[in-house]
Amino acid sequence: MPFCGNGKIDPGEMCDGADTGNSQCTNLGFDGQKVDSKLKCTSVCTFDTSDCCACGNDRVEPRPGWECNEKCDCTGMCDETFSSCTGTCNRTLLGGETCQTLASSSGGPFLEGGPLGCKADCHDYDTTACYICGDGIKEGPEECDANDCGGGLRCDDDRACTGPWPEHGGPLSCLGGGDPWDAAHQYPNGCAISRRSCWTCGNGVVDPGNYVIDGVTLHEECDDGGTCIGGSANGTHCIDASQCPGGRCLPQDDNNCSLTCQVR
Ligand SMILES: [Ca+2]
Ligand SMILES: [Ca+2]
Ligand SMILES: [Ca+2]
Ligand SMILES: [Ca+2]
C-alpha cells in the first residue's frame with residue numbers, strides 16, 4: 001500500500017489514519033463502541049475494531065465505558081465481521097457471576113442450580129437453569145420442593161408413598177436440608193424425598209409414621225410379613241417379592257395382624 005500513511009483513503013485502503021470515511025463500528029455489524037472512542041485504523045490501513053463492542057465477540061462490554069450495555073456475552077454467535085449474528089452460543093462469559101453470586105448480590109433468594117446463562121442480546125443473565133430449594137416448586141435436579149413432589153403430586157397426600165406392595169401408603173416428606181435426621185440419613189442437601197412416613201404392611205417391619213385409610217388415621221401396630229402367593233415358593237413366609245420367584249409376596253390377614261397391620 002504505497003499511499004498508506006498519507007492520511008487519506010486511497011484505492012485498496014479501508015482507512016488511513018483518522019480518516020475512516022463514513023464507516024463506524026455499527027456499519028460493520030457491531031452494536032456500538034467504547035464511549036469517547038470510534039472506529040480506528042491500523043498502521044496497514046485496515047479497520048481496527050478493538051474499540052467496537054458487540055454481543056458475541058468474546059468479551060463482556062458493560063457500562064460504564066461502552067455503549068454496549070452487556071452483563072454477559074455468549075461467544076460464537078457472530079461471524080468474524082459481526083454482520084451475521086445468528087450462531088449458537090458456544091461459550092458463555094459471565095463476568096465471574098454464578099446463580100449463587102447473582103442471587104446474593106441482588107439480595108434475592110439463594111439460587112442453587114445452574115448453569116447461569118446469557119440472554120441472546122447479552123443485556124442480561126439467563127437464570128432459567130437456576131433453581132431455589134425452598135420456593136415450593138420442584139425444578140432442576142430437585143426431587144421435590146416443600147409440598148410439590150412433581151407430576152401434580154402433593155407430597156402430603158396420604159397415598160403419595162407408592163411401592164411394590166398392595167398395602168402401602170402415607171405421605172412423603174420433602175427434606176429442606178439442615179434437619180438432623182436428614183443429615184444422619186441420605187438427604188444432606190435438601191429438596192430430596194424422604195419415605196420416613198411411608199408404611200408398607202407386609203414388609204416385616206413395624207413402620208413409623210401415621211397413615212390414613214378411609215379417613216381414619218392409623219399406624220402400624222404389627223407386621224409379621226407376608227406369604228408367597230404363586231411361584232416356586234408358594235405358601236412360604238416372605239418380606240420381599242424377591243423371595244417369591246414367579247409369584248408375589250402379599251400380606252396375610254391372619255389371626256394376629258390385619259391387612260393394614262392392626263393387632264386383632
Ligand atoms: Ca492513504
Ligand atoms: Ca461483547
Ligand atoms: Ca425449587
Ligand atoms: Ca410395615
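Tutor: Gladly! Let's start with a pair: Val-212 stands opposite Thr-217 in strand 14. Before we go on, note that this is a predicted model, in which local features need pLDDT of at least 70, side-chain atom pairs count only at pLDDT 80 or more, and totals for chains, interfaces and linings use all residues. Residues are numbered from 1 along each chain as its sequence is written, while chains are lettered from A and ligands numbered from 1 in the order in which they are written.

Student: What makes strand 13 and strand 14 a pair?

Tutor: Two strands pair if DSSP finds at least two bridges between them. Strand 13 (residues 210–213) and strand 14 (residues 216–219) are joined by 4 bridges, so they meet that rule. They run antiparallel, and Asn-210 has His-219 as its bridge partner in strand 14. The hairpin has 2 residues between the strands, and Asp-214 takes a positive phi near 50° there.

Student: How many strands are there in the protein chain, and what is called a strand?

Tutor: The protein chain has 17 strands and 2 helices. Both are DSSP runs numbered from the N terminus: helices are H or I with at least four residues, strands are E with at least two.

Student: Why are strand 16 and strand 17 called edge strands?

Tutor: An open sheet is formed by 3 antiparallel strands in the order 16-15-17. Strand 16 (237–238) and strand 17 (248–251) each pair on one side only. Strand 15 (residues 226–229) pairs with strand 17 over 4 bridges, and there Ile-229 stands opposite Arg-248.

Student: Why is Cys-45 called buried?

Tutor: A residue is buried if 20 or more other C-beta atoms lie within 10 Å of its own, exposed if 12 or fewer, and partly exposed in between, with C-beta atoms placed from the backbone. Cys-45 has 20 such neighbours inside 10 Å, so it counts as buried. Its place is in the loop between strand 2 and strand 3 (47–48), and its phi is positive, about 65°, although it is not a glycine.

Student: And Asp-36, is that buried or exposed?

Tutor: Asp-36 has 7 other C-beta atoms within 10 Å, so it is exposed. Asp-36 sits in the loop between strand 1 (32–33) and strand 2 (40–41), with a positive phi near 70°.
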